[in-house]
Amino acid sequence: MATDQDLLIEAARRARRNRRSGRNLLISLVVAAACAAIGWVLIFQVRAFIKSIPFLPLGMVTGWLLVIGVAAFVLAGLIAAGALLVANPGNRWGVPVAGACPACGGRILRQDTVAPAGSGSLRNPPKGVVTLCDVKGCAYGTATVTTPSRAG
Ligand SMILES: [Zn+2]
């Protein structure tokens, strides 16, 4: 049976992992890819198709398709770049805490309030403040329970 501390530390690690893997980043990259695909279709498929039709005075249209297609490509690049910037370590889990890690001596402890979602047998999960060491490979974590779990 895991203690409340264990549950909180585990939930904090999960939150930190999600932040790092970045679900938002993934969605942004999918949107960027969609924009790039639209640009590609406009420039290389639709425009080429219209151009292949003879005696059709659509020079303006193909010109605009090129502009819109290039704009879609630029937008895709901007979205991807912005998503990568947001997902950078500037936007990390928790806030920095003063002091050194008791396990590895690293000075990058971070702390955040954790309130995991209840599930299964644990309908009233604990709440608390978790401090994690941010040194790669260091497993140090400590939790202060503010609201203990109750059997649901
Ligand atoms: Zn450490």
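What pLDDT does the protein average, and what share of the residues score at least 70? The average is 85, and 87% of the residues score at least 70. Keep in mind that this is a predicted model.

**Stop 1: the whole chain**

Start with everything in cartoon view. Count three helices and four strands. Now trace the chain along its sequence. The pattern reads α-α-α-β-β-β-β. Next, colour by pLDDT. Among the elements, helix H1 has the lowest mean, 85. Strand E3 has the highest, 95.

Two figures describe the chain overall. Of its 152 residues, 18% count as buried. Take the contacts between residues at least 6 apart in sequence: 59% of them join residues at least 24 apart.

**Stop 2**

Select 95-97 for strand E1 and 141-147 for strand E4. In what order do the strands lie? The order is E1-E2-E3-E4, in an open sheet with antiparallel pairing. E1 and E4 are the edge strands, and each pairs on one side only. Look along the sheet for its twist, which averages 30° from one strand to the next.

Pick Val-95 and find Gln-111 opposite, in E2. Then pick Val-97, whose bridge partner in E2 is Leu-109.

Stay on Leu-109 and turn to E3. There, Leu-109 stands opposite Cys-133. How many bridges join E2 to E3? Six bridges join these antiparallel strands.

While the side chains are on screen, remember a general point. In a regular strand, side chains alternate between the two faces of the sheet.

**Stop 2: the largest nonpolar core**

Select Leu-8, Ile-9, Ala-11, Ala-12, Cys-101, Leu-109, Val-114, Val-130, Leu-132, Cys-133 and Ala-143. These eleven residues make up the largest nonpolar core. H1 supplies the largest share, four residues.

Leu-109 and Cys-133, the pair from the last stop, both belong to this core. Centre the view on Cys-133. Set aside residues up to four places away in sequence. Cys-133 then touches Cys-101, Ala-103, Cys-104, Gly-106, Leu-109, Cys-138, Tyr-140 and Gly-141.

Another core lies apart from the largest one. It has six residues, among them Ala-32, Leu-42, Leu-65 and Ala-76. Select those four to find the place.

**Stop 3: Ala-83**

Now select residues 59-86, helix H3, and find Ala-83 within the helix. Is Ala-83 buried or exposed? Ala-83 counts as buried because 20 C-beta neighbours lie inside 10 Å.

Which residues does Ala-83 contact, leaving aside neighbours within four places in sequence? Show Leu-25, Ser-28 and Leu-29. Finally, draw a distance from the C-alpha atom of Ala-83 to that of Leu-26. The separation is 8.5 Å, although the two residues are 57 apart along the chain.

Notes:
Residues numbered from 1 in each chain as written. Predicted model: local features only at pLDDT ≥ 70, side-chain atom pairs only at ≥ 80, totals over all residues. Helix = DSSP H or I, 4+ residues; strand = E, 2+ residues; numbered from the N terminus. Buried ≥ 20, exposed ≤ 12 C-beta atoms within 10 Å, placed from the backbone. Contact = placed C-beta atoms within 7 Å. Pairing = 2+ DSSP bridges. Axes fitted to C-alpha atoms, helices over the stretch in contact; angles between N-to-C directions. Core = buried A, V, L, I, M, F, W, Y, C linked by C-beta atoms within 7 Å. pLDDT = per-residue confidence, 0-100.
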